[in-house]
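Could you walk me through the local features of this protein chain that deserve a look in the viewer?

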Amino acid sequence: MSRKRATIKEVAQATGLSPAAVSYALRGMQVSEETMERVRAAAAELGYEADPIARALASGRTGVIGLLCGSLEDLWQQSLSVGISRGLREKDRYALILDAVGDPARERALAQQLRDQRVDGLIVQPVDPAAPFWPELCESVPVVSVGDSLRGTAGEVVFDNRRGMTLALEHLKTLGHRRVAVLTPTRTSTPDRPADMHVTAEAERLGLDIEVTTAPHELAAATAVAHKVLEKDRPSAVFCFADSIAYGVYAAAAEQGLSIPGDVSVMGYDDHPMSGLLTPGLTTVDWNIAGIVRAAVRLVVAAVDGGTKRRRVVQQPTLRERGSVRDISS
């Protein structure tokens, strides 16, 4: 005969706490770490398991956080999604991950779908941060944006793109590069992205001759774009606003019999774990993905739990030097 499910009242009796305090402890809220550990140990010993349906009915919450990715073809976004999913699980929440595949229309449809499914909150890496539907959506569900500011969000984790881009371009100039191709996933509908905001002005300040070209995250398509860049009046360096795009430059260079960095230098912008395994390793800009995960999870959980103060976290970059950029200054 199966054992009857232990109740939250039994856990409360075993710990000497109120049922409300036990409920908070099991959700990691408003109690000390010591109390959380004591309650969870008692719950495990008694065989207590929270009834998700009952909890959702009682609280009006589902325990689900929507995670809307701009493009999961971008390996960095894949890593970020894994980290956020695990971080939410540690907070007794679950991630429902959807992929906008770089399409603004699909992004809008999926964002509205997540809202209609009554997720407790939404973390989004927007494809089109200027889209007019965001403010209305943010009024109906707590939204935390990663990478770009959105109007009406409960919080945002944004990158100091001016600093990151300057680090990269100054590094190239210091090593003697003057003609630089810039490959970016930016669309005309994303005017606040770093390629459009900063790269032209900074290149002019540094005396660099640049050409900005749009390239997708998907490897085969990025490789095709890189082929064209390397075939016509080849630049001394290619700076990519995503490591995934830089991988396409590596592939195109290999297919054309070009060496990195002997014939062309390459820089990325994510420091994806794979980037250190390339030959040569990819010099790139590191955004501390673990810090981004912690901040995004913290902000969305606080918003879902009733926090009213909008918070903005600005992520600072560091330059990760490897072997993909050659010194041609002498």
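Here is a short tour, topic by topic. Please keep in mind that this is a predicted model. The tour begins with aromatic rings, moves on to salt bridges, and ends with backbone details and a surface patch.

**Aromatic rings**

- The model holds seven aromatic pairs.
- One of them joins Phe241 and Tyr269 in an edge-to-face arrangement, with 4.9 Å from centre to centre and 80° between the planes.
- This pair links distant parts of the chain, 28 residues apart: Phe241 sits in the loop between strand E8 (237-240) and helix H11 (243-255), while Tyr269 sits in the loop between strand E9 (265-267) and strand E10 (284-286).
- Phe241 is buried, because its relative accessibility is 8% and the cut-off for buried is under 20%.
- Tyr269 also counts as buried, at 3% relative accessibility.
- Tyr269 has a further ring partner in Trp287: the centres are 5.5 Å apart and the planes stand at 70°, so this pair is edge-to-face.
- Because Tyr269 lies in the loop between E9 and E10 and Trp287 in the loop between E10 and helix H12 (289-304), the pair ties together parts that are 18 residues apart in sequence.
- Trp287 is buried, with a relative accessible area of 1%.
- Stepping back, ring pairs connect Trp76, Phe159, Phe239, Phe241, Tyr269 and Trp287 into a cluster.

**Salt bridges**

- As a reminder, side chains of opposite charge can pair when their charged atoms come close.
- The count of salt bridges in this model is twelve.
- Arg93 and Asp305 form one of them, at 2.7 Å from N to O.
- This bridge links distant parts of the chain, 212 residues apart: Arg93 is in the loop between helix H5 (75-90) and E2, and Asp305 is in the loop between H12 and E11.
- How accessible are the two partners? Arg93 is buried at 7% relative accessibility, whereas Asp305 is partly exposed at 26%.
- Glu156 and Arg310 make another bridge, their closest N and O atoms being 2.7 Å apart.
- Arg310 is partly exposed at 40% relative accessibility, while Glu156 is buried at 2%.
- Some bridges share partners, and in this way Asp271, Asp286, Arg320 and Arg322 are joined into one network.
- Arg115 and Asp116 also meet in a salt bridge, at 3.1 Å from N to O.
- Asp116 is exposed, with a relative accessible area of 52%, and Arg115 is partly exposed at 25% relative accessibility.

**Cis peptide bonds**

- The bond from Ile260 to Pro261 is cis, with omega near 5°, and Pro261 is placed in the loop between H11 and E9.
- The bond from Thr279 to Pro280 is cis as well, with omega near -5°.
- Pro280 is placed in the loop between E9 and E10, where Tyr269 also lies.

**Positive phi angles**

- Val101 is not a glycine, yet its phi is positive, at about 50°.
- Look for Val101 in the loop between strand E2 (94-99) and helix H6 (104-116), where this residue is partly exposed at 45% relative accessibility.
- Arg118 is not a glycine either, and its phi is positive at about 60°.
- Arg118 belongs to the loop between H6 and strand E3 (121-124).
- With a relative accessible area of 65%, Arg118 is exposed, because the cut-off for exposed is over 50%.

**A positive surface patch**

- Which residues form a positive surface patch? The members are Arg294, Arg298, Lys309 and Arg311.
- Arg311 lies in strand E11 (residues 311-315).
- The relative accessible area of Arg311 is 45%, so this residue is partly exposed.

Note on methods: Residues are numbered from 1 along each chain as its sequence is written. Side-chain values use heavy atoms; hydrogens and water are left out. Patches are made of residues with over 30% relative accessible area and no salt bridge: like charges are joined within 9 Å, nonpolar side chains (Val, Leu, Ile, Met, Phe, Trp, Tyr) within 5 Å. Accessible areas come from the Shrake-Rupley method with a 1.4 Å probe; for residues, only the protein chains shown count as cover. A salt bridge is a side-chain nitrogen of Lys or Arg within 4 Å of a carboxyl oxygen of Asp or Glu. Lys and Arg count as positive and Asp and Glu as negative; His and the chain ends are not counted. The place of a charge is taken as NZ of Lys, CZ of Arg, CG of Asp or CD of Glu. Helices (H or I, at least four residues) and strands (E, at least two) are DSSP runs, numbered from the N terminus. Buried means under 20% relative accessible area, exposed over 50%, partly exposed in between (1.4 Å probe, protein chains only). Rings of Phe, Tyr and Trp (its six-membered ring) pair if their centres lie within 6.5 Å; planes under 30 degrees apart count as stacked, over 60 as edge-to-face and the rest as tilted.
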